[in-house]
Amino acid sequence: MESSQDPEPTSALRPRIFVAFAGGGAKGLVHVGALKALEERKVDFRGFAGTSAGAIVAALAAAGFRADELIDPASRASVIDRLHAHESSISAPTDLFGTGGWCRITAVRSFLVSPLRAGFRRPYLFLAVFALAFFISLSLSPFLGWTADACIGVTWLAMFVTILGLATAMTSGLAKLDTFRLALDRILSEQVFGVGSRQIVRMRDFDGLQRPVLKIVAANLTERKLELFSHDVDGDVPVADAVAASICLPFVFAPWRVGDRIFVDGGVVSNFPAWPFDEERKLDADALTIGFEIGAPLPAPGSAGSKPDLTSWPMALVETALFGAGTLSTRAIGRAELITMRPSIGTMDFDVGTHRIRRELANVTNAARAEISKRLFDFPLVYRTACGNVRDLIVGALAGSTEVLASPGGSGRVRCAVAMPRAEYRRSLQVSHAVGYEDDPDRDLVIPIASSLAGLAWTSGVAEFERDPLSSDLELTGEADSSLRRLLWRDLAWSLRVPISGRKGPFLVVMVDGSAILTDSEATRSLFEQAIDEVEKAFASIVRQFDEE
């Protein structure tokens with residue numbers, strides 16, 4: 001049973017987001033669940049990007065299709081029904097490969113790919129096939145006048161010709177995209193321009209004004225480069241052609257032609273397109289990119305999982321190339337969250353039954369709900385609430401102690417934020433969840449551990465307090481820090497940095513600072529010693545909660 005929906009977020013908690021969907025064949029089913037989980041949170045969709053299967057979902061979502069219109073577990077209706085209305089030959093996911101396409105793919109998988117894989121694991125199977133072919137040719141030899149040597153030669157030749165014929169068929173494509181491309185163009189036209197419309201939907205129709213931005217990745221074989229279809233680069237290209245280019249998996253489909261250029265599957269060059277919105281996020285620093293990557297199912301508890309060996313490493317290499325670059329793809333400007341979805345179906349499991357699809361969709365939707373709730377709402381709310389409480393605590397303490405303030409005028413402005421390392425980063429801390437920073441340029445600063453007060457607290461595990469005049473040898477003192485120094489708050493008069501440790505060491509640093517000039521007195525030191533205790537208490541419980549996430 002699906003989990004209950006959370007209350008609709010307030011406008012302050014309704015993030016502006018760009019969504020990236022990775023490629024993954026039939027595994028792309030997970031993106032429908034991810035889209036549904038985002039829709040339930042009433043997020044503000046600003047753009048969609050996709051590769052391969054992710055490009056299909058991105059294009060449909062940008063056009064205005066909701067998750068339940070793509071696959072509705074309750075009514076069992078799906079986008080296949082919409083495609084069928086325009087192309088009667090499409091009535092199941094396997095029909096997306098064109099007439100006879102799925103049969104040819106199944107045949108190659110059964111008679112070439114599977115035996116080859118098995119043959120590498122069990123060489124005697126090759127010997128058995130060769131022996132059978134040799135026995136057949138030997139049985140025919142009395143009628144054809146062949147010698148034993150001739151039978152051996154004919155056997156090798158027959159096997160070679162068979163494999164060569166299959167390989168040739170694969171290079172020219174086992175299936176066709178034309179029918180799917182035409183049906184996709186029709187349903188996009190109806191969704192964007194109205195029922196009965198035959199107007200072609202082009203990339204320029206998704207410019208971020210009337211509809212979310214749409215970006216689709218493909219591999220441009222003509223120019224030997226990655227192609228990012230978008231409204232400002234390939235505005236005249238029909239969206240259906242851009243999607244066809246992105247899903248054109250080598251050997252399964254023949255390369256797709258758009259004008260005088262030919263393309264294959266975008267997964268060849270970038271299977272997880274979380275980076276295309278770098279410029280948009282640079283212009284809107286508060287916007288978030290949330291990317292849904294596809295990973296392998298986690299091994300069962302107590303199980304070591306599958307490990308590649310000398311015979312299975314080629315498949316592991318392909319999967320690593322396609323699905324292993326998620327972290328790299330999110331190393332970009334601005335805020336980005338990577339969520340790895342782990343479906344149990346395989347990349348080519350387009351022929352699974354309806355019951356299996358419904359069960360899989362329910363599982364991935366619930367997984368997406370949990371991750372989205374945690375990363376977009378729970379974590380930020382808890383951290384910002386704690387930072388707000390700490391700021392209020394310091395403001396109240398300063399306002400109630402005349403011995404601490406060097407001049408009248410109140411407690412001044414007080415700010416609080418947390419600094420944490422980003423994934424895969426080891427030498428810097430990212431300032432986030434800031435309260436009281438207003439429009440200060442250092443609210444999202446990435447600060448070096450080696451040359452900052454927060455870094456000193458991080459490495460020493462001891463709280464650091466500095467008051468005016470601030471030590472010039474503690475905050476951003478390196479030659480490479482000059483650009484960061486220009487972003488520091490000009491009214492800064494004191495700084496407090498409190499490290500909070502988790503199970504495996506430092507977890508975050510609470511950063512509190514203010515603009516009021518403080519006295520060099522025992523009262524000041526006592527006040528901030530008490531503040532350090534309160535900060536540690538406030539954040540220790542949070543770290544215990546999130547350290548296992």
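**Exercise 1. State in which helix Leu182 lies, and work out how exposed this residue is.**

Solution. Leu182 is placed in helix α8, which covers residues 178-193. The model is a predicted one, and in it Leu182 has a relative accessible area of 29%. Since buried means under 20% and exposed means over 50%, with partly exposed in between, Leu182 is partly exposed. A further step looks along the chain: Glu87 is 95 residues away from Leu182, yet the two C-alpha atoms are separated by 8.1 Å.

**Exercise 2. Find how many disulfides the structure has, and examine Cys387 as a test case.**

Solution. As a starting point, a disulfide is a covalent bond between the sulfur atoms of two cysteines. The search of the whole structure finds zero disulfides. For Cys387, the closest cysteine sulfur belongs to Cys416 and lies 3.8 Å away; because the cut-off for a disulfide is 2.5 Å, this distance is too far for a bond. Cys387 is buried, with a relative accessible area of 0%, and Cys248 likewise counts as buried at 0% relative accessibility.

**Exercise 3. Compare the surroundings of the salt bridges Asp513 to Arg415 and Glu522 to Arg525.**

Solution. The rule for a salt bridge gives a count of 26 in this structure.

1. In the pair of Asp513 and Arg415, the closest N and O atoms are 2.9 Å apart. This pair links distant parts of the chain, with Asp513 in strand β14 (residues 505-514) and Arg415 in strand β9 (residues 414-420), 98 residues apart. Asp513 counts as buried at 1% relative accessibility, and Arg415 also counts as buried at 1%.

2. In the pair of Glu522 and Arg525, the closest N and O atoms are 3.6 Å apart. These two residues are three residues apart in helix α16, and therefore are separated by about one helical turn. Glu522 is exposed at 53% relative accessibility, whereas Arg525 is partly exposed at 39%.

3. Salt bridges that share partners join Arg413, Arg415, Glu438, Asp440, Asp442, Glu475, Arg497 and Asp513 into one network.

**Exercise 4. Identify which residues gather with Asp533 in a patch of negative charge, and locate Asp533.**

Solution. Glu529, Glu534 and Glu536 gather with Asp533 in this patch on the surface. Asp533 itself lies in helix α16, residues 522-546. Patch members must have over 30% relative accessible area, and Asp533, partly exposed at 41%, therefore passes that cut-off.

Conventions: Residues are numbered from 1 along each chain as its sequence is written. This is a predicted model: local features need pLDDT of at least 70, side-chain atom pairs count only at pLDDT 80 or more; totals for chains, interfaces and linings use all residues. Side-chain values use heavy atoms; hydrogens and water are left out. Patches are made of residues with over 30% relative accessible area and no salt bridge: like charges are joined within 9 Å, nonpolar side chains (Val, Leu, Ile, Met, Phe, Trp, Tyr) within 5 Å. Accessible areas come from the Shrake-Rupley method with a 1.4 Å probe; for residues, only the protein chains shown count as cover. A salt bridge is a side-chain nitrogen of Lys or Arg within 4 Å of a carboxyl oxygen of Asp or Glu. Lys and Arg count as positive and Asp and Glu as negative; His and the chain ends are not counted. The place of a charge is taken as NZ of Lys, CZ of Arg, CG of Asp or CD of Glu. Helices (H or I, at least four residues) and strands (E, at least two) are DSSP runs, numbered from the N terminus. Buried means under 20% relative accessible area, exposed over 50%, partly exposed in between (1.4 Å probe, protein chains only).
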